[in-house]
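Visitor: Please take a close look at one helix and its surroundings. I would like the cut-offs stated along the way.

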Amino acid sequence: MKTKIYGTIGPACCDTEMLVHLFEKGMTGIRINLSHADLEEADAWISGIHSAWSRLHDGTPEILIDLRGPELRIGTLGAERLLKEGDGLSLVADGQNNLFDPTEIPVPGTLLVALAPGQEILLDDGRIALKVEEQFRCGSSVAVECTVVRGGVLKSGKSIAAPGVEIQTPTLTERDYRNLARVKQCRITGVMLPFVRNQEDLKNLKQALINEDVGDIRIFAKIENLQGMEHLGELLPHCDEIVIARGDLGNAMPLAKLPCAQEEIAAQCRKHGRAFMVVTQMLASMEYRAVPTRAEVSDIFRAVQQGAASVMLTGETAAGEYPLEAMEVLVDTVREAEWYLEERR
């Protein structure tokens, strides 16, 4: 196949034997999501990836790390929370919350000061929605009172989006710098930067990689907000691959516009000869079901038709109940799409 196939490592597929089977199915590379852990904690996973790859192939496996970057995420909760429609809760500065108070949710302090009454807040890729009621003082910082508009189960580290609100955050966090310092040692082949806003973000990442003597490593720019879309043209020369990350990008705009945004990004990448990846919920139903929906396999076909250089599974392999089946569906559908499109030429 021409299209690269990535999975995401996690508890469901971190066993070496499982990784061997995933590579046998046709997986060509794997992603490590560093939003929830540091690279140092992934040593066993990395060892397993190399071991599994070496049983089937020569050379080095393709391993991507997905940095935390300028993204917003829920802080540490003492336990997962069930949020019900109509519930009231407070968003407080991360680190200042009572871990076991079900009415307090820790978020970055930079977000709190930017929120006004009526603002919509989307959690966990939009699965949960809140509405801001009022801002108030909480000790030495600001907190925000919210009402749950769309409920669900919330866990630590899940994504936060506030459509229309721009938060000034640095390109890389201290955790990112610590992880980049281990890239060479861990034989990482690519770095994904979330929520890229402009070329300065990519230049900052490039300089950090040069400082760690890995300046030639591949850079993947994740388009997850409107700033990234608006500055797409200036991003293309500073990365190796654009990532159409539809989870948070779908939070930044009405969902009806998301397919148009995907086509627009793909068209720009084709025009300028820049590789791109399509990711997020490609086979989301297969986290819990052994077979995909018809819409999902059609979505995979469309990504290949648009010219995607690569596609990726996330939760399907990291935490799903059917990681092997999901990988097999992805590989088979990509293979069929490539065959069909080649025959049509």
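Guide: Helices are DSSP runs of H or I with at least four residues, numbered from the N terminus, and the expected span of a helix is 1.5 Å times one less than its number of residues. This is a predicted model, in which local features need pLDDT of at least 70 and side-chain atom pairs count only at pLDDT 80 or more, while totals for chains, interfaces and linings use all residues. Residues are numbered from 1 along each chain as its sequence is written, and side-chain values use heavy atoms, with hydrogens and water left out.

Helix H10 covers residues 258-271. Its 14 residues reach 20 Å from first C-alpha to last, close to the 20 Å expected. Leu258, Ala261, Gln262, Ile265, Ala266 and Cys269 of H10 are buried (under 20% relative accessible area; exposed is over 50%, partly exposed in between; 1.4 Å probe, protein chains only). These residues lie on the same side of H10 because they cover an arc of only 130° around the axis, taken from the directions from the helix axis to the C-beta atoms. On the other side of H10, Pro259, Cys260 and Lys271 are exposed.

Ile265 is also among the residues with the most contacts inside the largest nonpolar core, which has 72 residues; such a core is a set of buried Ala, Val, Leu, Ile, Met, Phe, Trp, Tyr and Cys residues joined through side-chain atoms within 4.5 Å. Helix H13 (residues 323-344) gives the most to this core, with 9 residues.

Glycine 273, with a positive phi near 70°, follows H10. In the loop between helix H9 (246-249) and H10 sits asparagine 251, which counts as buried because its relative accessibility is 8%.

Definitions and conventions: Helices (H or I, at least four residues) and strands (E, at least two) are DSSP runs, numbered from the N terminus.
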